[in-house]
Amino acid sequence: AEAEAERQRADAEERRRAEAEAERQRAEDLRRAEEAERIRKENLVVEAALITGAEQERCKACLEGTGWDLEPAVRMLAAEQDAERRRQQQEQAARQEALALAQAGARRQQQAAQRG
C-alpha cells in the first residue's frame, strides 16, 4: 500500500511537471508570436514609408487605421501627399503672384516719380 501511495505521488508530481512545462511552452509560443507580429508591423511601417516617402509615424497611424492592410494605407498616404503637393504649389503660385504684383506696383511708382 505504501509503495502504491508513493507511485501515485510520483505520478502526480510527474503530471505537475508536465503541466508546468506545457504552460511554460505555451507562454514562450505566445511571446514568440507577439514578437513576430511586432516585427511584421514594423516592417509594414518601413515598407509604407519607402513606397510613399511619408514619415513613419504617419505610416503607422494609417496602417493602424486600415487594420494593418498595406495597400489601402499606401493609397491613403499617397492621396494625402498629392493633396499636400497641390497645396504647396498653390501657395507658391500665390507667393509668385503677390511678388509680381508688388514688383509691378513698384515699377508704376518709379515711373510716376520719374515723370513727376
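Analyst: Contact here means heavy atoms within 4.5 Å. Helices (H or I, at least four residues) and strands (E, at least two) are DSSP runs, numbered from the N terminus. This is a predicted model: local features need pLDDT of at least 70, side-chain atom pairs count only at pLDDT 80 or more, and totals for chains, interfaces and linings use all residues. Residues are numbered from 1 along each chain as its sequence is written, and side-chain values use heavy atoms, with hydrogens and water left out.

User: Which residues in H2 meet H1?

Analyst: On the H1 side, the contact uses Leu-44, Val-45, Val-46, Ala-48, Ala-49 and Thr-52. By class, this contact of H1 with H2 holds seven nonpolar, two polar and one charged residue. (Ala, Val, Leu, Ile, Met, Phe, Trp, Tyr, Cys and Pro count as nonpolar, Asp, Glu, Lys and Arg as charged, and the others, Gly among them, as polar.) The H2 partners are Gln-56, Cys-59, Lys-60 and Leu-63.

User: At what angle do H1 and H2 pack?

Analyst: Axes are lines fitted to C-alpha atoms, for helices over the stretch in contact, and angles run from 0 to 180 degrees between N-to-C directions. The axes of H1 and H2 are 9 Å apart. Their angle is about 115 degrees.

User: Are H2 and H3 roughly parallel, roughly perpendicular, roughly antiparallel or oblique to each other?

Analyst: H2 and H3 pack at about 130 degrees, with axes 9 Å apart. Angles under 35 degrees count as roughly parallel, over 145 as roughly antiparallel, 65 to 115 as roughly perpendicular and the rest as oblique. H2 and H3 are therefore oblique.

User: Which residues in H3 meet H2?

Analyst: H2 brings Arg-58, Cys-59, Cys-62 and Leu-63. The contact of H2 with H3 has seven nonpolar, no polar and two charged residues. From H3 come Leu-70, Ala-73, Met-76, Leu-77 and Glu-80.

User: Is the crossing of H1 and H3 left-handed or right-handed?

Analyst: The axes of H1 and H3 come within 10 Å and cross at roughly 40 degrees. A crossing is left-handed if the near helix is turned anticlockwise from the far one by less than a right angle, and right-handed if clockwise. H1 passes H3 in a crossing that is right-handed.

User: Which residues touch the most other members of the largest nonpolar core?

Analyst: A nonpolar core is a set of buried Ala, Val, Leu, Ile, Met, Phe, Trp, Tyr and Cys residues joined through side-chain atoms within 4.5 Å. Buried means under 20% relative accessible area, exposed over 50%, partly exposed in between (1.4 Å probe, protein chains only). This core has 13 residues, and the elements giving two or more are H1 (2–52), H2 (56–65) and H3 (70–115). The residues asked for are Ala-48, Cys-59, Leu-63, Leu-70 and Leu-77.

User: Which residues does Leu-77 touch?

Analyst: Residues up to four places away in sequence are not counted. Leu-77 then touches Ala-48, Thr-52, Ala-54, Arg-58, Cys-59 and Cys-62.

User: Is Trp-68 buried or exposed?

Analyst: Trp-68 lies in the loop between H2 and H3. Its phi is positive, about 65 degrees, although Trp-68 is not a glycine. With a relative accessible area of 15%, Trp-68 is buried.

User: How many Å apart are Glu-42 and Ala-5 in space?

Analyst: Glu-42 is in helix H1 and is partly exposed at 43% relative accessibility. Glu-42 and Ala-5 are 37 residues apart in sequence. C-alpha to C-alpha, their distance is 55 Å.
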